[in-house]
Amino acid sequence: MEAGTPGGTGEGTYRAGGQLSTHGFEQTPDHDAAGAASARLAGHRLVTLATALVQEDGRILHWSEEAEALTGWTADEAIGAYPARLLLPEEAREAGEKLFRQLVAGRGWSGTHRVRRRDGVAVELEFHTYPITGPDGSALLLATASDVHTLREVESDLAVLDGFFTQSPIGLAVYDTDLRFVRLNAALARINGLTVEQHLGRRISAVLPGINAAEVEAVMRQVLTTGKPVIDARSHGRVPGDPRRDRAWSASYFRLEDSTGRVLGVSSSIIDVTERFQAEARAARAQERLTLLASASARIGTTLDLRRTAEEMVEAVIPRFADFATVDLLEPVLRGEEPAPIQPDKPIEVRAVAVGEAYGSGLTGAAAQVGGTTEYGAHRVYAQCLRSGRPLLKAHVDEEVLRGLVPDPDRVAPGLAAGIHSYLLVPLIARGMVLGGAEFVRTRNPEPFGAADVSLAEELVARTALAIDNARLYRRERETALTLQRSLLPQEIHRTLGLEIAHRYLPSSVVSEVGGDWFDVVPLSCGRVALVVGDVMGHGIRAAATMGQLRTVARTLATLDLPPEQVLGRLDETASAIGDGQFATCVCAVYDPVDRSFVIASAGHLPPVRVDPDGSTHVVHLPPGVPLGVGGGAFESTEFTLPAGSTFALYTDGLVERRGRDLDEGIDLLARTLAVPGRTLEESCDAALAALVTDGTEDDIAMIMARVLPVPSDRIATLLLPGEGPLPARARRFTRATLESWGLSALTDYAELVVSELVTNALLHADAPRRLRLFRDRTLTLEVSDAGGQPPRLRSSAEEDEGGRGIHLVSELAHRWGSRPTRHGKVVWAEIELPYRPG
């Protein structure tokens, strides 16, 4: 039961012998309802009021549920027991029984006393006792008890609430369920210009007829029905305290409920926001201009196209700012050049790049058409405005003013007919250079241009001018960068025997970006070929320049017959030496058409994709390697053989990486696209780009696709060289027979001599030769493999020396020669140029 409400359960009806105090909830007749609401507002800490009825003999006759909750003793345990024995320790029982006898004799008592709960815990209770008479005339004692700690908390809460309500400078009010004032503070009474008593019991519509009371009560009724608070509900009008001035208020409403959920009414807090309301009204127009500025800023400069940027500004200002607008640029700007300063004694010529109007007024037809040029004399106000770099405002335009503005008198009549009444010209200035002018005209909008409009137009035009100048600069810079980038990429891909190659290079669709992606196909000795794909991290000319350096070094290293892992190791050193945080990923693969083998190594690059003749696809996972430029990384190569008809793809991340798509998903899509049978290699390249590059790319794309082809039998011949017999003679006979069958008898003498020297050199310096291979492609290649690890070298020899001239002779006869290491030794090779055959 709530504090201050005596009662409980029991048998019969008993008349109290005295009045109960409400202990902090005392109410005055004028504020009974308000006091009740205040009691409810004490929160959910309700005071438990326990009641008990004790007979004259000291036994308990009645024990309420609240008494059970407060002491822990049930009614069955308490009824018939003596209170002192039930609630007091043994040493305090005598004093307790003495007090009881005094109370039964007719002496009421109020006070606090510590009692013992059933669980042995001591608790301090506040008691009130009332001697009463039972139905049979017997003397009874009614006792009420509450927890002292809970009582003090409630009293404190109510004191705080009352102080807040009376002292708050914010208007506060409580309304009942009929929306009548129950309580309000002095601050709200002052706001309304009425006394507190003039509000109580009346609705807002009756108290304040001069405000939008119907709307206010509708909001309050909504809060009362739904229970959802309303914050910052605005009301406005005039009150009795200030009947000559419009006022504005901000109110917040919430529903009042008791602990059982019963709705008691609505409470509100109200503050006067008249000055803020007026300031908001003044700021509304400024906010509209700011909104236009924000919207235009987002729309202007979305591309690096001069004309589109000018069109974006015209579209942004019509019709919210002007009814007609045009943007004109000086001719050098349109050519990508820097305009010269405007001379005071020379006319200027501008070209219209964007024109627009809000209504069909005819001004567009009267003004210069897009692409048309207009010349202004040196003393015309247009030329003077551009020369000064300051805006020209004609707030009110009549015929005389218009004649001074237009370059041609024939445009005056159409302008007046269209209703021109206000004009604004703002020069387009970027980086201290005048690029042209932007004109704004109002016809149907009755408000003339003012100082605030000039400031807005200057901001819009400044952003437009900067975007236009950026477009001019980027056009020039991009052309330079693309020229550099294209010059660094392979200009021609040589045909390779046993391998069909297709490639694609797609620059970034972002106009301002020039990347560092590259690819290369490097022909090597003995018909082999190196395939290289790399990607310098970052964009711009710097990345393209780094790409050129790395590509040049990679090609040089590959032609030295270094294995792929060594090529990447040297490239890593080169990238580290470049410095400035230039990193790149790279993959290098060397293909040998004779045994269809790939030796490949990666420096942090994406894995290649392999498609077998049966259509099965594989992502070739290579040993991991750090990107080039990190420094100190060890690289490892992998070797595998591909069957004829297989396809092998190397690519950069621009092909498979997209926002919102996982990288692995892009690689899987590439593999599925390449697995479609029946396509040529060129068609596969186009299909890959069509499938993966659907909406442009923010990065460059470099891609090489290679398809393994069988080598014709008349292009290669191999002779195994066992360790016994006259090996040089056998090698010569094999060479002569092979060349005659290939129709190359003219080269027989040179070839026999070179082969003999290579085999002899292997016998003398590398244990024994293992194999002789003749390979015919762009040249005739003669190669001898052996088990030695030391490469041959040219040595000088005196006339009396009997040896040491073999490699010197090979060098003289061959077009070029060299050696390369293998897993089991080395290969020494020499190339002889093929005879020219017309057609």
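Reader: Thanks! What makes Glu-399 count as partly exposed?

Author: Happy to explain, and please keep in mind that this is a predicted model. Glu-399 has 41% relative accessibility. Buried means under 20% and exposed means over 50%, with partly exposed in between, so Glu-399 is partly exposed.

Reader: Why is the contact of Glu-399 with Arg-403 called a salt bridge?

Author: The closest N and O atoms of Glu-399 and Arg-403 are 3.0 Å apart. The cut-off is within 4 Å, so the pair forms a salt bridge. The two residues are four apart in helix α15, which means that about one helical turn separates them. Arg-403, with a relative accessible area of 45%, is partly exposed too.

Reader: How do you know that Asp-520 and Arg-555 form a salt bridge?

Author: Their closest N and O atoms lie 2.8 Å apart, and the limit is 4 Å. This pair links distant parts of the chain: Asp-520 belongs to strand β18 and Arg-555 to helix α18, 35 residues apart.

Reader: Why is Asp-520 called buried?

Author: Its relative accessibility is 2%. Buried means under 20%, so Asp-520 is buried. Arg-555, at 29%, is partly exposed.

Reader: What makes Arg-816 and Glu-831 a salt bridge?

Author: Their side chains meet at 2.8 Å, N to O, and the cut-off is 4 Å. Arg-816 is in strand β30 and Glu-831 in strand β31, 15 residues apart. Glu-831 is buried at 5%, whereas Arg-816 is partly exposed at 35%.

Definitions and conventions. Residues numbered from 1 in each chain as written. Predicted model: local features only at pLDDT ≥ 70, side-chain atom pairs only at ≥ 80, totals over all residues. Heavy atoms only, no water. Buried < 20%, exposed > 50% of the residue type's maximum accessible area, 1.4 Å probe, protein only.
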